[in-house]
Amino acid sequence: MDDEKKPPFEQVFRRHRQRVFELAYRTFGVVSDAEDIAQEAFLRAYRAYGAFRQEAEVYSWLYRITVNLCREKIRKTAAARKHMPVVMSVDQPVTDDEGNAAPREIADTRETAAPHLLENEEVRDMVRKAIESLPAKYSEIIMLRDIGDLPFEEIAAITGLSVNALGVRLLRARNMLKEKLKNKNIL
Amino acid sequence: MSCRDIQFLLNKRIDLPLSREEEALVAGHVRTCASCARAQKDTLAYAKLFTGAFKGTKAPALSPSFEEDFYRRLEKESRPPAFGALAEKLSVLFPFPARRALAGAFALLLVSFAGVRVYLSLSRDTPAGAPSVTNGTALIAVAVDRNKNAEQQYLAEAQARDLLKNIL
């Protein structure tokens, strides 16, 4: 498709922003993280839009960018946690210069995830890491289907697979993931 | 039906309801196959986990400032750096194809000229007796480029001595 038939970028942005955001939100469960990823996805898309020839549908291309960004974020978060020093216990009282102990007060500046997600957050985190540890072609498919809840036809368009081949790949991906989750006692 | 076929159906059941015949096949098979019965249990747990933790999550609407924030980021990113902006403005002076390159070179000259002017004006303010290098090229030629020319080496040594004298 030539450039004249290509919709203006603003139109692409308006049409797909909510769905791109939803995919990121389902992955992380925090609005600010999801919005940040959605914006970054559109920025990357904008930079490459001139060269985009529409051999694939725009949304396929956008989801692929979003999935890659989500995977990057999972990787970075896991790496940051690995290097984060455990400094203190929140239950440990603070002692002033004269040796008087007082309860430690810590301001919680984190944005809170939706309450129904909060109880699952630890599990979600482990699941995200397990997904990320799969080979890229499998983690992509799990993110699109089991997190993003995208229909088979759309995932087939995004990945360039036939619906049958997609079913086979999904089965393999889920089996690999199930093994990992069992090893972590999540299943 | 083979275990492989049953596992394919179990996987399919995560995404779509099975037909009555398919359900009957699965039920009949898992009654006699411990491995597929285990696979069925794992698959159900997997489906439940994802529905509870991810799929079932209803995403809220985007915040009202999302679009504005995005265009702000986009504008910030597309803004050319100061030097680029100067080159862009100067390009109107050169009405032929290589004008951007020429304008860039011209802008570079202007920036260099301004830099030399600033350097000279600052040098004039240097107090008497402060360390200064009269001919830095000799020091650089010997210290950095390892020039073995005797005259250059002598000059560099004299300059270094002067510098040390002023510093110490």
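I call a residue buried under 20% relative accessible area, exposed over 50% and partly exposed in between (1.4 Å probe, protein chains only). The model is predicted, so I take local features at pLDDT of at least 70 and side-chain atom pairs at 80 or more, while totals for chains, interfaces and linings use all residues. Residues are numbered from 1 along each chain as written, chains are lettered from A in the order written, and side-chain values use heavy atoms without hydrogens or water.

**Within chain A.** I looked up salt bridges (a Lys or Arg side-chain nitrogen within 4 Å of an Asp or Glu carboxyl oxygen). A:Arg71 pairs with A:Glu132, with the closest N and O atoms 3.2 Å apart. A:Arg71 lies in helix 3 and A:Glu132 in helix 5 of chain A, so the pair ties together parts 61 residues apart in sequence; helices here are DSSP runs of H or I, at least four residues, numbered from the N terminus. A:Arg71 counts as buried at 10% relative accessibility. A:Glu132 is buried too, at 13%.

I then checked A:Asp146 and A:Arg174, which meet in a salt bridge at 2.7 Å, N to O. Both are buried.

**Across the interface.** I find 30 residues of chain B in contact (heavy atoms within 4.5 Å) with 46 residues of chain A. A:Arg44 is partly exposed, at 28% relative accessibility.

Conventions
Helices (H or I, at least four residues) and strands (E, at least two) are DSSP runs, numbered from the N terminus.
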